[in-house]
Amino acid sequence: MQQTGCWPPLGRTCEPRLTNPRLPCACRGWTRRLPLDRARWPFCHIGGMQDRYAGDVGDFMKLGLLRALVHGSGLALGVNWYLAPDESHNADGKHIAYLSPTSRFHKALRACDTELMTSLSAVVATGRSVAALEASGTLPSGSTTYATQVGEHPHARATWHHGALERLAGCNLVFADPDNGIRRTPAGAKTVKYALLDELADYTTRGQSLVVYHHADRTPGGVSVQVAKRLGELHARTGIEPLGAVIARRGSTRFFFVLPANSHRAALEDALANYQRTWSQHVDWAPFDSEGARRVRQVFG
């Protein structure tokens, strides 16, 4: 596997990503092959929530979004970390170079949420863990969290999920933060790294809005196809028409799918509009297109 970087279109630069070098890049520019060099590209992080990820650039992007949504909507936030066992055998979890004033994007990111940058710097300096993150004040005041490890076997998973539903029952807005993203069925390896569509539907059924993390993968067609496909899957399973996806481009490309309850739709639309004005240098917005999702299903399944 090689790492590819975008040939900057129209003067825009984006970070490299692990992908098929024959596919178009995430920002629709051309691609060129680059060696995998984590020293040169310090922002990459593949995965959602493990203790060793706490405080990395992925956390800055996700927490910045959640803080903006809660501030703009007034909704009570619940966070299901979808906590997975730490995988100390790989090199993920180090990506904190953005905290350094010498980093390329430090100043621009800090301007988006200075308080968040300061708090995450303290988490990294004093010990990285989900517990430290929760205690740091980075989540909006009054947030409820569920930090139990995902069960690996079907019965354990069902028990874990029931506990999450109970814990987050009083929240208006639930953020699901699996390591890799969403999956339609529990079939396949490393299920603990995914949020299952049936689990997510249990939140929307009782009137809660959702924000769901998904890491960009090597699906043929690139980012636009991935976003349309996953939004279509969420729409089909939950019956909720998504607002769309925030595409975060600091670090490896990641998506945050936003599914509003009917009573929260207008408030979340306004909050997202304000968020985009502040964070536009670092994120893109992909609104849900039901016809586009249908076409993607026909071509890609």
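Predicted model: local features only at pLDDT ≥ 70, side-chain atom pairs only at ≥ 80, totals over all residues.

**Salt bridges**

I went for the charged pairs to begin with and found eleven salt bridges in the structure. My cut-off for a salt bridge is a side-chain nitrogen of Lys or Arg within 4 Å of a carboxyl oxygen of Asp or Glu. Residues are numbered from 1 along each chain as its sequence is written, and side-chain values use heavy atoms, with hydrogens and water left out.

I looked up Lys 62 and found it bridged to Asp 59, with 3.3 Å between the closest N and O atoms. The two are three residues apart in helix H1, which puts about one helical turn between them. Helices here are DSSP runs of H or I with at least four residues, strands are runs of E with at least two, and both are numbered from the N terminus.

Is Lys 62 buried or exposed? Lys 62 has 2% relative accessibility, so I wrote it down as buried. Asp 59 is buried as well, at 0%. The scale I used: buried is under 20% relative accessible area, exposed is over 50%, and partly exposed is in between (1.4 Å probe, protein chains only).

Next I checked Asp 113, which forms a salt bridge with Arg 67 at 2.8 Å between the closest N and O atoms. Asp 113 sits in the loop between H2 and helix H3 (114-126) and Arg 67 in helix H1, so this pair ties together parts 46 residues apart in sequence. Both Asp 113 and Arg 67 are buried.

Then came Asp 217 and Arg 230, whose side chains meet in a salt bridge at 3.7 Å, N to O. Asp 217 is in the loop between S9 and helix H7 (222-238) and Arg 230 is in helix H7, so the link spans 13 residues of sequence. Asp 217 is partly exposed at 26%, whereas Arg 230 counts as buried at 13%. Salt bridges with shared partners join Arg 184, Asp 217, Arg 230 and Glu 233 into one network.

**The sheet**

What is the strand order in the sheet? I read it off as S5-S4-S6-S9-S11-S10-S12, seven strands in an open sheet with mixed pairing. Strand S5 (144-146) and S12 are at the edges with a single partner strand each, so one side of each has no neighbour in the sheet. On average, neighbouring strands are turned by 20 degrees against each other, direction ignored. I count two strands as paired if DSSP finds at least two bridges between them.

S10 runs antiparallel to S11 over five bridges, and Gly 244 has Val 258 as its bridge partner in S11. The two strands form a hairpin with five residues between them, and Gly 251 in the turn has a positive phi of about 90 degrees. S10 also pairs with S12, antiparallel over five bridges, where Ala 248 is partnered by Val 283.

S9 and S11 run antiparallel too, joined by six bridges. His 215 stands opposite Arg 254 in S11.

**Helix H8**

How many residues does H8 have? I got 15 (residues 265-279), reaching 21 Å from first C-alpha to last, close to the expected 21 Å. The expected span is 1.5 Å times one less than the number of residues. Its buried residues are Leu 268, Ala 271, Leu 272, Tyr 275 and Trp 279. Among the elements covering them are helix H1 (57-73), strand S10 (244-248) and strand S12 (283-287).

**Whole chain**

Last, I noted nine helices and twelve strands in the protein chain. Buried residues make up 55% of its 301 residues.

Definitions and conventions
Contact = heavy atoms within 4.5 Å. Axes fitted to C-alpha atoms, helices over the stretch in contact; angles between N-to-C directions.
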